[in-house]
Amino acid sequence: MASYQSLDIKRRSASTSTPPVVRSTALEVAKLIDVSKCIGCKACQAACLEWNNLKEEIGVNTGVYDNPHDLTPNSWTLMRFTEWDNPDTGDFEWLIRKDGCMHCADPGCLKACPAPGAIVQYTNGIVDFVSENCIGCAYCVKGCPFNIPRISQVDRKAYKCTLCSDRVAVGQGPACAKACPTAAIMFGTKDDMKEQADRRITDLKSRGFSNAGLYDPQGVGGTHVMYVLHHLDKPEIYAGLPKDPQISPLVSAWKGGAKLFALGAIAFAAVGAFFHHTIVGPNKVSETDEENAADLAEEGAQAAPTPETRAL
Amino acid sequence: MTNAWGDIKHTDLVVVMGGNAAEAHPCGFKWVTEAKANRGAKLIVVDPRFTRTASVADFYCPIRPGTDIAFLGGVINYLLSNDKIQHDYVKAFTNASYLVKPEFGWSEGLFTGYNEEKRDYDKSSWDYQLDEQGYAKVDDTLQDPRCVFQLMKQHFAVYTPEMVEKICGSPKDKFLKVAQMISECSTPTKTMTSMYALGWTQHSKGAQNIRGMAMIQLLLGNIGVRGGGMNALRGHSNIQGLTDLGLLSNMLPGYMNLPVEKEVDFNAYMSTRGFKPLRPGQTSFWQNYKKFFVSFQKSMWGDKATAENNWAFDWLPKLDVTYDILRTFELMNQGKITGYFCQGFNPLMTFPNRGKITSGLSKLKFLVTMDPLDTETSRFWENHGEFNDVNSADIQTEVFQLPTSCFAEDEGSIVNSGRWLQWHNAAVSPPGEAKSDVWIMAGLHLRIKELYLKEGGAFPDPIVNLRWPYAIPEEPAAEELARENNGQALADVTDPTDPTKVLVQKGKLLDSFAQMKDDGSTAGFCWIYAGSYTEAGNQMARRDTWDPGDTGLAPKWAWAWPANRRILYNRASSDKNGKPWDPSRKLVYWTGERWGGYDVPDYGPTVKPEQSVGPFIMNPEGVARLFTRGMMRDGPFPSHYEPFEAPVANAIAPKIKGNPAARIFKADLEALGSADKFPYVATSYRLTEHFHQWTKHVWVNAALQPEFFVEISEELAKEKGIVKGGWVRVWSNRGSIKAKAVVTKRIRPLMVDGKPTHVVGIPQHWGFMGRAKKGHNPNSLTPFVGDANIETPEYKAFLVNIEPTSGPATS
């Protein structure tokens with residue numbers, strides 16, 4: 001999905017080296033989602049589907065306004081609606097949060113990814129998936145403290161919000177921010193977005209939201225998607241936004257000591273495989289495997305159109 | 001809208017009641033977020049449901065559907081009894097001081113002059129006391145018991161906070177908080193804006209709902225000022241243009257009226273349109289009526305409309321009754337209408353009591369639909385299982401389905417809520433065989449004309465003499481039509497004070513309606529559009545964002561009627577002496593020589609303040625009407641009436657059922673349900689993911705809100721054993737539907753007269769055509785009764801019952 005022809009890569013998954021940075025002026029960008037200005041209109045969802053040429057399934061109603069019901073390989077952003085009775089004021093609040101990739105400064109997905117170059121982080125902070133390098137192992141799903149990436153059953157690749165890296169590369173903001181009618185989604189340099197957030201927080205405090213604040217969790221080094229929340233002290237009420245997100249210790253271990261150990265294990269496995277081949281013979285693809293693959297391909301053809309049909 | 005979208009950013013308080021701006025007008029709602037972010041404005045939402053607008057509001061107050069007048073009456077009572085009004089404004093700019101006839105009165109829910117049999121009033125007592133010269137008598141002290149101000153006090157005294165709570169189910173403390181926040185805007189430097197939509201219009205007393213708030217805005221001095229006004233959010237992208245051009249059965253373009261049967265000739269028609277000023281020295285602008293009317297007739301029939309034939313007055317239809325949609329379908333059911341042209345309309349889904357619509361369409365000989373989409377109405381004869389359970393073999397109606405282009409496929413102007421005419425170009429060509437509506441109508445006209453010319457007929461004159469001056473007669477161009485709307489000089493137009501001075505040469509386009517004449521020397525199809533397309537070019541296509549004073553009015557962006565005026569009654573933004581009420585929000589003020597400022601004055605540009613000409617120049621009084629005289633069918637003041645289907649009796653007039661002046665046909669009266677069988681109050685509405693029944697044809701919108709549902713409280717769900725996401729059946733005395741249940745905290749039972757009252761919310765967007773899941777629609781249930789004045793159906797308040805059920809059999 002990545003379009004990094006004019007963006008500089010800062011980090012690259014499963015790689016010891018990073019391509020040299022030609023320019024060194026890249027500012028960190030950020031998307032600011034002001035939950036207190038969001039009216040839940042889903043224009044961001046529509047814009048995301050349209051800009052990225054994605055086709056979401058026409059589902060059903062399950063008794064809530066959230067549609068689709070979760071992030072999917074085609075829906076990279078989603079409005080999540082929470083009905084909450086505020087115990088302090090006795091007032092009812094309808095909390096609406098646009099969910100999607102947070103573009104962490106310290107991205108758990110990238111750390112967990114074993115495929116060289118399948119996940120990159122640009123110098124401007126955007127974390128992007130490079131589909132042609134993705135092996136569909138879903139380690140990124142485990143590595144993400146926000147439960148964002150989704151694996152396509154069609155091509156076994158991981159998908160998530162790109163922060164419209166293709167648009168940002170040519171000086172545009174993300175499609176969702178462009179479509180947002182109330183400017184609840186803003187895009188700019190991270191510093192500018194923090195300043196903007198300060199003004200909004202002052203306003204919210206003046207309206208009685210004494211715990212209003214900016215969600216920019218430091219457990220993942222800060223994020224390049226930030227929220228203005230009326231209740232920063234309770235982020236979990238916004239459809240389970242984690243209070244103190246951390247990269248899973250398993251991922252840290254995997255990238256630390258376990259990596260060396262694993263390298264040894266891989267070597268051992270290779271030796272084992274060699275003996276297996278010489279003694280038992282090569283692995284065969286069974287008929288069931290072939291059928292499953294054919295079914296998946298067919299479903300895929302129905303669910304997700306080819307680029308040619310999308311253009312119609 | 002009296003004001004403009006961009007002006008909302010200047011307000012201090014936004015009241016969204018009778019609408020759901022964030023949900024239904026998300027793009028316009030940005031101006032509310034601007035006002036909140038930059039001015040610290042507050043937002044109040046009063047609605048039966050905690051809406052998307054409520055989710056970003058500072059204060060939310062619930063209300064029972066159909067009881068808005070009681071709530072607004074309560075606010076009026078609060079303002080008057082706590083003396084929270086802008087005195088100077090009320091005294092100088094409203095009819096508060098006018099004396100009303102002694103015989104006028106109100107008792108037991110009725111004004112004087114009621115005729116029960118006709119369901120109508122003799123309105124002769126609803127008027128001012130006049131002096132010998134025919135001027136209204138006034139009492140500037142506002143103390144005379146017959147002055148409008150005192151009558152108002154008396155009329156609204158019944159709406160105490162306790163009564164509001166009893167009728168509306170709005171908790172007293174919440175109502176008082178709303179009233180108090182509103183009352184803060186009675187100072188000249190604080191303004192409130194009212195944003196409303198179909199939540200107020202779609203009631204049997206919709207027009208009076210709006211009157212209620214208009215009166216509050218006048219008491220607060222908020223009409224004609226920046227950040228104030230009565231702002232109707234138009235629901236359909238060119239519904240403002242539709243009303244401007246008179247596309248209602250009883251209207252002509254520019255808010256002129258079609259003659260009625262008793263107006264047998266032109267003189268009789270004009271005799272009631274003198275608009276003599278009701279106060280000395282007042283401007284009464286409608287005195288120009290004849291100029292606009294004659295120019296319209298010249299635009300219609302050109303040289304064939306002459307002084308000798310009274311400008312072809314006899315060629316206009318004369319109404320016996322109004323042919324609103326309800327009457328039209330009633331007549332279809334009676335077999336009296338046998339052919340129907342349905343253009344850009346989907347009656348099967350959008351008109352009330354679907355059963356009656358289906359039976360009406362089934363009795364037609366022919367139905368023509370003109371629409372960009374494959375609508376349910378076009379397919380009313382087709383069986384779609386539970387979703388359209390008809391027997392096609394029984395239906396003999398011949399249906400002609402004509403595909404038309406949509407707005408993105410043709411050029412022209414669209415008028416927004418703020419009266420801005422914005423020109424747009426075609427982005428793509430229409431698909432397949434789709435043609436523009438103009439092409440279809442021109443083809444019809446030319447063929448019918450040919451038949452008349454060939455075969456004669458009872459009355460061929462209006463058709464064969466119609467002026468048709470287009471370069472391609474088969475498809476008049478949008479620009480040609482726009483120039484015709486604007487108007488042109490048919491002979492040299494000279495200055496009335498100096499006949500040697502030519503203002504507009506023969507054949508040239510007019511600059512403004514001030515140049516229109518009643519002697520046949522000008523033509524103009526829609527006088528309020530004069531100035532939109534002049535010799536200087538297409539003003540609607542202007543795209544200059546220049547905005548002096550950061551008013552949000554952008555006077556060189558597109559063009560607003562009338563006369564590019566962005567805020568109506570803007571003279572009222574300054575006090576009697578011409579000084580702005582709020583120096584930080586100047587709009588139009590007296591410069592010493594003339595009226596200047598940021599907007600085109602809605603006033604004589606050089607009329608001095610000491611001449612005391614009122615700012616409301618469209619009224620012969622020159623002031624705004626707190627008391628409407630005989631202008632409205634159901635009373636000169638708004639009064640609380642229950643919806644035709646209500647869970648309780650009228651608390652202030654127990655004998656009155658519904659709005660006593662609203663028309664209801666016999667069979668529809670019999671089809672009303674009662675609270676013992678239908679104990680729950682239902683209301684219908686729109687969701688932001690969809691636009692009417694259009695966007696269910698679009699994949700993305702269908703994915704974002706795929707399936708029909710109804711919304712109920714957790715309490716009602718528990719009582720009825722309904723589970724979130726489960727199927728329910730909802731039925732009224734007219735029909736039954738199935739839906740998924742959204743069980744929510746956003747709807748809560750209301751305590752009405754001490755009894756818990758449940759509300760069932762039913763969104764509007766599903767049907768049996770398009771990409772979204774097939775579904776039902778609230779209009780299988782809604783009652784066939786309309787507003788007393790304009791017959792907008794009562795979609796917003798009716799009675800239903802509900803139970804859990806199994807899902808529909810899907811085909």
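Reader: What covers the buried residues of helix 6 of chain B?
Author: This is a predicted model, in which local features need pLDDT of at least 70 and side-chain atom pairs count only at pLDDT 80 or more, while totals for chains, interfaces and linings use all residues. Residues are numbered from 1 along each chain as its sequence is written, and chains are lettered from A and ligands numbered from 1 in the order in which they are written. A residue is buried if 20 or more other C-beta atoms, placed from the backbone, lie within 10 Å of its own, and elements are DSSP runs numbered from the N terminus, with at least four residues for helices (H or I) and at least two for strands (E). With contact taken as C-beta atoms, placed from the backbone, within 7 Å, the cover of these residues includes helix 4 (68-81) and strand 4 (106-107) of chain B.

Reader: Within what arc do the buried residues of helix 6 of chain B fall?
Author: The buried residues of this helix, which spans residues 148-156, are Val148(B), Phe149(B), Leu151(B), His155(B) and Phe156(B). They line one face of the helix, because, seen down its axis (the arc is that of the directions from the helix axis to the C-beta atoms), they fall within 160°.

Reader: Which residue is the bridge partner of Gln343(B) in strand 13 of chain B?
Author: Strand 12 (residues 339-343) of chain B has a covered face, Tyr340(B) and Cys342(B), and an uncovered one, to which Gln343(B) belongs. Strands count as paired if DSSP finds at least two bridges between them, and strand 12 is joined by five bridges to strand 13 (residues 366-371) of chain B, the two running parallel. In strand 13, the partner of Gln343(B) is Met370(B).

Reader: Which strands of chain A stand at the edges of the sheet, each with a single partner strand?
Author: In chain A, four strands form an open sheet with mixed pairing, in the order 9-2-11-10. One side of each edge strand is left without a neighbour in the sheet, because each has a single partner strand, and these edge strands are strand 9 (185-189) and strand 10 (213-215) of chain A.

Reader: At about what angle does helix 6 of chain A run to strand 9 of chain A?
Author: Strand 9 of chain A runs antiparallel to strand 2 (residues 29-34), to which five bridges join it, and Lys31(A) stands opposite Phe187(A) in strand 9. Axes are lines fitted to C-alpha atoms, for helices over the stretch in contact, and angles run from 0 to 180 degrees between N-to-C directions. Helix 6 (residues 190-206) lies across strands 2, 9, 10 and 11 of chain A, and its angle to strand 9 is about 135°.

Reader: Which element of chain A gives the most to the side of chain A that touches chain B?
Author: In the contact between the chains, 32 residues of chain A meet 35 residues of chain B. Elements giving two or more residues to the side of chain A are helix 1 (43-51), strand 3 (78-85) and strand 4 (92-99) of chain A. With five residues, the one that gives the most is helix 1 of chain A.

Key: Buried ≥ 20, exposed ≤ 12 C-beta atoms within 10 Å, placed from the backbone. Contact = placed C-beta atoms within 7 Å.
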